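Subject: Handing over a structure, with notes

Dear colleague,

I am passing this structure on to you, and the notes below it set out what was found. Please read them with the sequence and the structure open beside you.

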Amino acid sequence: MVGECTQEDDLELVLPGMVLTHLVLIASENDVLSMIMILQAVNRTGGQIETMSSGVRAGTMELRVRLSGIKATAARSLCANVAQMQMVRFVSVEHHLHRLSRRAI
């Protein structure tokens, strides 16, 4: 996937005034090591964490991370890498377009 580019990666160029973010949803074993390894993978993307929340349900840690500053293919690559971790049970990504505020333009 490295070097792969899609039309989705150019949405911000095609739609000026919009910013692309990615909501990454991860379910994994409920332990600190899992959280650290997942956050290290997120950090390696070079994106910025906009929001992050976590919780535990039925012994499974659920992590929601909203990233900005990376392309759609990089977000999908992150999910593929995280999915290969032994302690991860589920991972998905949603891509969202947001209007920039007037102050940010």
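In these notes a residue is called buried when its relative accessible area is under 20%, exposed when it is over 50%, and partly exposed in between, with a 1.4 Å probe and only protein chains counted. By that rule, buried residues make up 31% of the 105 residues in the protein.

This is a predicted model, in which local features need a pLDDT of at least 70 and side-chain atom pairs count only at pLDDT 80 or more, while totals for chains, interfaces and linings use all residues. Residues are numbered from 1 along each chain as its sequence is written, and side-chain values use heavy atoms, with hydrogens and water left out.

The pLDDT, which is the predictor's confidence in each residue on a scale from 0 to 100, averages 85 over the protein, and 81% of the residues score at least 70. Over residues 1–5, however, the pLDDT is below 50, and this stretch has five contacts in the model beyond near neighbours in sequence, a contact meaning heavy atoms within 4.5 Å. Where pLDDT is low, the predicted coordinates should not be read in detail.

As to the overall fold, the protein has three helices and four strands, taken as DSSP runs (helices H or I, at least four residues; strands E, at least two) and numbered from the N terminus. Along the sequence they follow the pattern α-β-α-β-β-α-β. Of the contacts between residues at least 6 apart in sequence, 71% join residues at least 24 apart.

Turning to the strands, two of them pair if DSSP finds at least two bridges between them. β1 and β3 run antiparallel and are joined by nine bridges, with A27 standing opposite E62 in β3. β2 and β3 also pair in the antiparallel sense, over nine bridges, and here S53 stands opposite R64 in β3.

The hairpin of β2 and β3 has two residues between the strands. A58 lies in this loop, between β2 (48–57) and β3, and has a positive phi of about 55 degrees although it is not a glycine. With a relative accessible area of 82%, A58 is exposed.

The structure holds one salt bridge, meaning a side-chain nitrogen of Lys or Arg within 4 Å of a carboxyl oxygen of Asp or Glu. In it the side chains of E62 and R57 meet at 3.5 Å, N to O; E62 is partly exposed at 30% relative accessible area, whereas R57 counts as exposed at 57%.

S28, by contrast, is buried, with a relative accessible area of 0%. This residue sits in strand β1 (residues 18–29), and, leaving aside residues up to four places away in sequence, S28 touches S34, I38, T60, M61, M87, V88 and R89.

Finally, helix α3 (residues 72–83) has twelve residues and reaches 17 Å from its first C-alpha to its last, close to the 16 Å expected at 1.5 Å a residue, where the expected span is 1.5 Å times one less than the number of residues. Its buried residues are A72, T73, A75, L78, C79 and V82, and what covers them includes β1, α2 (32–44), β3 (60–68) and β4 (88–99).
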